[in-house]
Amino acid sequence: MKLVTAIIKPHKLDDVKDALKAAGLTGMTVDEVKGFGRQGGKTEIYRGAEYVVDLLPKVRVETIVPDELADQVADIIVTAARTGKIGDGKVWITSVDKLIRIRTGEVGNDAV
Amino acid sequence: MIDAGDTAWMLMATGLVLFMTPGLAFFYAGMVRSKNVLGMLMQNFFAMGLLAIVWVLIGFSLAFGNAGDGGWIGNFDFAWMRQIGAEVGPEWFGLSIPFVLFCAYQMTFAIITPALITGATADRMKFKAYAIFIAVWLVVVYAPVAHWVFAGGWLAKLGALDFAGGAVVHINAGAAALAVIIVLGKRKGWPREGMHPHSLPLTMLGTGILWFGWFGFNAGSALHADGVAAQALMNTFLAASAGMLGWLLVERIKDGKPTTLGAASGAVAGLVAITPCAGFVGGMSPILIGFAAGVLCVLAIGLKFRFKYDDSLDVIGVHLVGGIVGALLLGFFADSKVNKIVVNEGVFLGGGFKLLWFQFVASAVTFAFSFVLSFAIAKVIDKFVGLRVSSEDEDEGLDYSQHAETAYSFGNTGSMDRLS
């Protein structure tokens, strides 16, 4: 199994989720994260004082899939999350040694 | 002659009505997504800044000049606060409070009416365009309609009744909201994406403030500390309660669960509907009016999905529909025993259909006037300034794109460095 992890723009989450659902994926985990990359920060102003906020809000999407689907899932995310502007984020694939479904005790691809 | 009791009550009522605008701000702000909270709060608070000034410069005079003329608009007699002072003012008004207090009281109405529209245009209107829109709208739309009804204009002369602004405030703002969102378009992703309220506690707080402030709105519209004011206060209370029950009952039957947002919305629907009726009805009528509004408004808000217009926070479903329900039901329930101003009693009190017809005319003309002019104003602003934020700014949210701020900075991972 592979773990596909993506960091995307928050407003692209619905597009990514819908695209993955349409491709038949049965689950994903999402959290709100902050970070910086090439996009840099943004400037906020409070009573005339300017502050640079260098950690921007992003969304991290994680989903575990059978080996043969990993590339396809990554492509789906890239297509759905792309705006073409700086700050679109990244997708990476890592190997998963073991996967267990807690309710049934199923292991491996059966637990995906 | 100035009456101390009346003056004391109206000083307080003015404060109560002003408090409704922050209440409305939080009622709406809780319903938007967390990236648009400040945008919503700012639009409402900014109305208190800008519209107060526009009101004393020109708005009040266009609304209340030439009072009792049976006409369409006031004049410039009171512009720049001319002739507005501590005396009771022109005889037509029959005031027992300082004229400057009457001007201030009406100012709070002029502030909240354009602010009501922000619920429909949520999350996508450019702040600059909003500022221009409400200033122009106050002068071109609100002032004439207030003149027709509150200053002895043609609708008042015709015999239509509107105690505290069912047509002037709610039908007027609701029709404008419909016109502006047709020009503005729907939010990106609506209705496919879930855009549920980010903080219902804020909405409940706002509802409480609105309910509280509405006593000043309706009972204050008596302009005296008297029996009519007391009746208006009781009617306001009962209609809000019955509105809540009506809305929740429909939700319970239709969706299975009574919701907090439903309770808040039902109370507001009841308050909207009782507004034109407040000082003209009595007995059990406010309960029937509020209940009808709660039921009809919850059914009306579903229509936006059918007709595919993005009335984001249901200004049309609650204020336009609730305002029309109240204006028309007054034609059934108006009671001359409650208020001697009532010449033609309602259908249920044996007054025939005369008043109902006047109420229909008042509602229809107010709707048409406001819709057409609001549409035109929005179109012109769209052409020269752009009504809507850019697609990127909409994704970013109004808080940052329009105001360079963030509403919520929880935790210590914000990592902010001071630049200057």
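**Exercise 1. Determine which residues of H7(B) meet which residues of H8(B), and classify them.**

Solution. In this predicted model, local features need pLDDT of at least 70, side-chain atom pairs count only at pLDDT 80 or more, and totals for chains, interfaces and linings use all residues. Residues are numbered from 1 along each chain as its sequence is written, while chains are lettered from A and ligands numbered from 1 in the order in which they are written.

Step 1. Contact requires C-beta atoms, placed from the backbone, to lie within 7 Å. Helices (H or I, at least four residues) and strands (E, at least two) are DSSP runs, numbered from the N terminus.

Step 2. From H7(B), Trp211(B), Trp214(B), Phe215(B), Asn218(B) and Ala219(B) meet Ala229(B), Ala232(B), Leu233(B), Thr236(B) and Ala240(B) of H8(B).

Step 3. Ala, Val, Leu, Ile, Met, Phe, Trp, Tyr, Cys and Pro count as nonpolar, Asp, Glu, Lys and Arg as charged, and the others, Gly among them, as polar.

**Exercise 2. Describe how strands E3 and E4 of chain A pair.**

Solution. Step 1. Pairing requires at least two bridges found by DSSP between two strands. E3 (residues 42–46) and E4 (residues 49–53) of chain A pair in the antiparallel sense over five bridges.

Step 1. Glu44(A) has Tyr51(A) in E4(A) as its bridge partner.

Step 2. The hairpin of E3(A) and E4(A) has two residues between the strands, and Arg47(A) takes a positive phi near 50° there.

**Exercise 3. State how many residues of chain B are in contact with chain A, and their classes.**

Solution. Step 1. On chain B, 15 residues are in contact with 15 residues of chain A.

Step 1. Strand E1 (residues 416–418) of chain B gives the largest share of that side of chain B, three residues.

Step 2. By class, the side of chain B that touches chain A has four nonpolar, six polar and five charged residues.

Note on methods:
Contact = placed C-beta atoms within 7 Å.
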